[in-house]
Amino acid sequence: MDLSQEALTEKVYVTRQTISNWENGKSYPDIRSLLLLSSVFHVTIDQLIKGDVKIMKEIISQDELRTFNRNSTIFASLLILSLLSFVPLTVFFGFAGLIIFALLYAAGMYYAVRVEKHKKKYDIQTYREIVAFTEGKN
């Protein structure tokens with residue numbers, strides 16, 4: 001519709017930075033903004049949302065989900081193992097037990113960072129929820 005970001009900010013009541021984030025896929029409009037956008041562009045909210053659902057499905061490939069789930073499982077296992085093993089390791093192995101604990105903890109934090117980077121890169125939780133909602137699932 002030949003609108004600049006500044007012109008759209010006046011119609012949707014958000015900042016130019018917010019519109020830039022929408023355009024770059026860094027965030028999505030809230031419900032109020034979706035209503036205003038649908039009015040400005042003369043399309044239904046359904047058309048606004050479902051246009052992105054196809055892209056989201058492509059982004060959430062099975063390989064990516066498997067990698068995310070594997071990293072999450074490893075992180076959770078290492079976290080639980082390090083929490084439960086601290087006292088036994090230090091009692092039975094002394095200083096060597098502290099080193100083993102530190103290695104377990106470091107490995108757990110490594111996987112925690114991997115999980116967070118993966119979540120941030122693909123915004124997996126949000127995409128999964130939107131896709132499930134549009135397919136009538138919980």
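Here is a short tour of a predicted model, one selection at a time.

**Stop 1: two crossing helices.** Start by selecting residues 5-12, which form helix α1, and residues 16-23, which form helix α2. Their axes come within 9 Å and cross at roughly 105°. Angles of 65 to 115 degrees count as roughly perpendicular, so that is how α1 sits relative to α2.

**Stop 2: where they meet.** Now show side chains. On the α1 side, pick Q5, E6, L8, T9 and V12; on the α2 side, pick R16, I19, S20, W22 and E23. Colour this contact by class and you'll get 4 nonpolar, 3 polar and 3 charged residues.

**Stop 3: the core.** Next, select L8, V12, V14, I19, W22, L37 and V40: these 7 residues make up the largest nonpolar core. Helices α1, α2 and α3 (31-41) each supply at least two of its residues. Then hop over to a second, separate core of 5 residues, which includes L78, L89, F101 and Y111.

**Stop 4: W22.** Come back and centre on W22. Which residues does W22 touch, leaving out those up to four places away in sequence? They are V12, V14, S27, Y28, P29, S33 and L37.

**Stop 5: helix α3.** Select S33, L34, L37, S38 and V40, the buried residues of α3. Turn the view until you look down the axis of α3: its buried residues fall within an arc of 165°, so they line one face of the helix.

**Last stop: H42.** Step just past α3 and click H42, which takes a positive phi of about 55°.

How values were computed. Residues numbered from 1 in each chain as written. Predicted model: local features only at pLDDT ≥ 70, side-chain atom pairs only at ≥ 80, totals over all residues. Heavy atoms only, no water. Axes fitted to C-alpha atoms, helices over the stretch in contact; angles between N-to-C directions. Helix = DSSP H or I, 4+ residues; strand = E, 2+ residues; numbered from the N terminus. Parallel < 35°, antiparallel > 145°, perpendicular 65-115°, else oblique. Contact = heavy atoms within 4.5 Å. Nonpolar A, V, L, I, M, F, W, Y, C, P; charged D, E, K, R; others polar. Core = buried A, V, L, I, M, F, W, Y, C linked by side-chain atoms within 4.5 Å. Buried < 20%, exposed > 50% of the residue type's maximum accessible area, 1.4 Å probe, protein only. Arc of directions from axis to C-beta.
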